[in-house]
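Biologist: Hi, could you walk me through this model? I'd like to go chain by chain and ask as we go.

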Amino acid sequence: MQAIFARLNQSLARPLGAAQRLLVLGAALLLVAVYIFPLWNLTMFAPQYPEGLRLDIYSYKLVGGNAGQDVHEINILNHYIGMRDLVTDDFTEFKWLPFAVGALGLLYLRAAVMGTVGGLLDVLVLNVYFSAFALWSFGYKMYVYGHNLAPTAAVRVDPFMPPLFGAKQLANFEVYSYPQAAAYAMALSSLLLVVALAAAWRRARAELPEAA
Amino acid sequence: MSWIRSRSAAWATIGVLALALFVSRCAPSAPKEARKAAGGTSDIAVAAQKTYVAPGDLDEYYLFSSGGHSGQIYVFGVPSMRHISTIPVFTPYPATGYGFDDDSKKMLGNLTWGDVHHPALSETNGDYDGRWLFVNEMNGRVARIDLRDFKTRQILGPIPNVSGNHASAFVTPNSEYSVMASRFSIPIPKGTAVEIAKYATDFKGVITGIKIDPKSGEMSFGWQVVMPPFNYDLGDAGKKVSDGWVFFTSYNAERATGKLEVTSTQRDRDYIAMVDWKMAEKLAAEGKGTLIGGVKVLNPKEHPGLVYLLPCGKSPHGVDVAPDGNWIVGSGKLQGVTTVFNFEKIQTAIRNKDFTGEEDGIPVLKYESIKDAEVPVGLGPLHTQFGTDGYAYTSLFVDSAVAKWKLGTWEVVDKVPMSYSIGHLTSAEGDTVSPDGNYLVGLNKLSHGRHLSVGPSQPESSQLVDITDEKMKLLYDAFTEPEPHYAQMVKADKIKPIEVYPKEENTHPHAIWDVKDASVTRNGNKVLVKMIAVRSTLTPTDFEIKDGDEVTIAITNIEQTTDELHGLGILDYNINIVVDPGETKTVTFKAKRGVFPFYCTNFCSALHQEMQGYMIVR
């Protein structure tokens, strides 16, 4: 047992190779996408809206299609069922998310420079935790919007969950919800970390003497 | 016996033959043309295909058709001939709230009708530029419709001294001027009363140039020329080589009064007046002219070269300048020919003073020296439009047909019957320097029997004709409200309308954009209500004022979505406002005691019925 832990500690303390460091650096650079591109997109079609209403969710803002007009339109429609207006100020995510991604990026850079297998494992765990939390937060937001409907609404509908991923029919609307460039960049960033860790782990195991 | 039998048989045969002969001598049940047109199912299939615009598809051309004494402009799509929209100009139109809000009410003034005649699209280098549509009406006014939003934006007039503004609103090749001219000469200034016996000397026709601001389209008085008391009928501005001149037909060269159908038709020729508008502009800028009725009026006698008269076949209606600007087609409506003048020859005649007389000091050019051809188009030629390859199309009122003929060879190549009694016609961009030559619409005065009967008050008819091939083909019958005098057909992509008024552009002092800002403020007995219309509430939903208050409601539609119009109807008040997305309108009225419901008149949403409120006047 002792031997296994000793071997594990030795593995985690091993330095990263140049290739793995570059992968971690690449993962850090990919995070920049979060400040440029939208994370998610919701598109809604109805007979009266053949061109669709579009909503792009960035890490720090909401952008409606048709030069922003679509957000107003979605809010006007949603007020009939008593849903709260989608306003940027209501999203605490827009405040902590960009900050958290920045911190994550700095930790990636640190891991690339300090360059140990253990450090890399740390940031990968952080990355998975962060991504899962962000996704849950987004889903929870959707849940809250779909469930906290004003009891005085003109049109009573059963509380509903808008789609997180994929298509769903909600009343007269076909709703499509898909990740966008920034989310794909995040996923790719995680993948790079996993590849780097796998490569580093194999290298570490190969260089260590066989356990007695 | 057998002899008798065979003899009676022979007589019987002769009798039957005679009867057959007699029967065959009866008049047919329909005229030749109608019988010829019957059948030909393949033609009908082709016509159906050419005019069918599938649901959701768009037409190729806009057709702006004058609404005559309805005071409106009708917008059609070509080739479907679907009526798409009505633009109210000189008449209140409850459907769009026109003539009910403060601004449009003020624009209409005291007149609630106008006899719209000749729409004219703005031009750049003699081609439609899709910016504005100018329309005239008989009470001496010209209006500008902005094609950015298809709304009447200005009504200018009544212009002093002009009486019965028929020969209007034709524009010059760069929209420098829209023109006006008197159809009914009167003693000027208006308000002068002279006995009818002095018609020939004391009554005056007046030609006016309305200046158009090249940036804003804003119209203002430009210049005015006093003319002999002829009846000025139609006009067209010269283009290319003839740019700088504007031509007007006139009837009643006899200067007659009374029963004009007899007294004004005694001479074989009347006149086309040609006015040097660049000279008129210069003289006006120099401050020349006599002040009459508040404007400076130029007298051609004092300014040689300002006006010339071209003799033209009896009682001409249309004068139309060909795309190259050199040929000018004058259609004497009481003849069987249309006359083509040559601008170069006119210039030569002017240089050589080749005159045959004068009218009130205006030289009359020698007919034989300036005419290129008399084209035997048919009976009652009224108006000519142009196509490609040098073809011209002339409407024939009496023949009830359109004649197609060639400029230069003067050969009439085809005729197509019109149902019935065609007045004007319009072809695709057919009065510009580059006609498109594919469609033509005949604007007919009579429609009888070609539609489901609607009683004695019958619509007019507008017929679409295919002019792509050698032979013209009738494609479609559309029925238009009174009365399509003239129309303009413009390629759809030349017009780029907005669909909502952008919030940033709304500079109305009483515009508000948040329901929290809706308010009722009092200043003495004046009350200002700032109201918001947005799906599905009019805010404030109720308000209280006092009997006798002067109330102004300023309503802003804060929607920025296409087609989300809202209305404000106040019962018992004759108030009916419609606000487009992003628009603010005001309506001012005197309050009377009682409780008055108001509501959204323009269907907007699932809860449109609930969009209502109360005005309580105590």
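Modeller: Happy to. A term to begin with: two residues are in contact if their C-beta atoms, placed from the backbone, lie within 7 Å. This is a predicted model, where local features need pLDDT of at least 70, side-chain atom pairs count only at pLDDT 80 or more, and totals for chains, interfaces and linings use all residues. Residues are numbered from 1 along each chain as its sequence is written, while chains are lettered from A and ligands numbered from 1 in the order in which they are written.

Biologist: Great. What percentage of the contacts in chain A join residues at least 24 apart?

Modeller: Counting contacts between residues at least 6 apart in sequence, 68% join residues at least 24 apart in chain A.

Biologist: And how many helices and strands are there in chain A?

Modeller: Chain A has seven helices and five strands. Helices (H or I, at least four residues) and strands (E, at least two) are DSSP runs, numbered from the N terminus. Their order from the N terminus is α-α-α-β-β-β-α-α-α-β-β-α. The radius of gyration is 22 Å, well over the 17 Å that the globule rule gives for 212 residues, so chain A is more spread out than a compact globule. That radius is taken over C-alpha atoms, and the globule rule is 2.2 Å times the number of residues to the power 0.38.

Biologist: What does the C-alpha trace of chain A span along its principal axes?

Modeller: About 75 × 35 × 25 Å. Of the 212 residues in chain A, 24% count as buried. A residue is buried if 20 or more other C-beta atoms lie within 10 Å of its own, exposed if 12 or fewer, and partly exposed in between, with C-beta atoms placed from the backbone.

Biologist: Tell me about α7. How far apart are the end C-alpha atoms of that helix in chain A?

Modeller: They are 39 Å apart, which agrees with the 39 Å that the 27 residues of helix α7 (residues 181–207) of chain A should span at 1.5 Å a residue. The expected span is 1.5 Å times one less than the number of residues in the helix.

Biologist: Which residues of α7(A) are buried?

Modeller: The buried residues include A:Ala182, A:Met186, A:Leu193 and A:Ala200. The buried residues of α7(A) pack against α1 (2–13), α2 (18–30), α3 (33–36), β1 (40–46), α6 (117–147) and β5 (173–179) of chain A.

Biologist: Switching to chain B, what's the secondary structure there?

Modeller: Chain B comes to nine helices and 41 strands. Its C-alpha atoms fill a box of roughly 110 × 85 × 45 Å along the principal axes, and buried residues make up 48% of its 618 residues.

Biologist: How is chain B divided into domains?

Modeller: Into domain 1 (61–494) and domain 2 (503–617), with bounds that come from an automatic or database domain assignment. The contact takes six residues from domain 1 of chain B and nine residues from domain 2 of chain B. The centres of the two domains of chain B, taken over C-alpha atoms, are separated by 42 Å.

Biologist: Which residues touch the most other members in the largest nonpolar core?

Modeller: B:Ile145, B:Val275, B:Leu310 and B:Val402, out of 124 residues in that core. A nonpolar core is a set of buried Ala, Val, Leu, Ile, Met, Phe, Trp, Tyr and Cys residues joined through C-beta atoms within 7 Å. Not counting residues up to four places away in sequence, B:Ile145 touches residues including B:Ile73, B:Val89, B:Trp132 and B:Phe150. A second, separate core of 31 residues includes A:Leu23, A:Val101, A:Ala134 and A:Ala196.

Biologist: Last one: is B:Lys353 buried or exposed?

Modeller: B:Lys353 is exposed because 9 other C-beta atoms lie within 10 Å. B:Lys353 lies in the loop between α8 (343–351) and β20 (355–359) of chain B.
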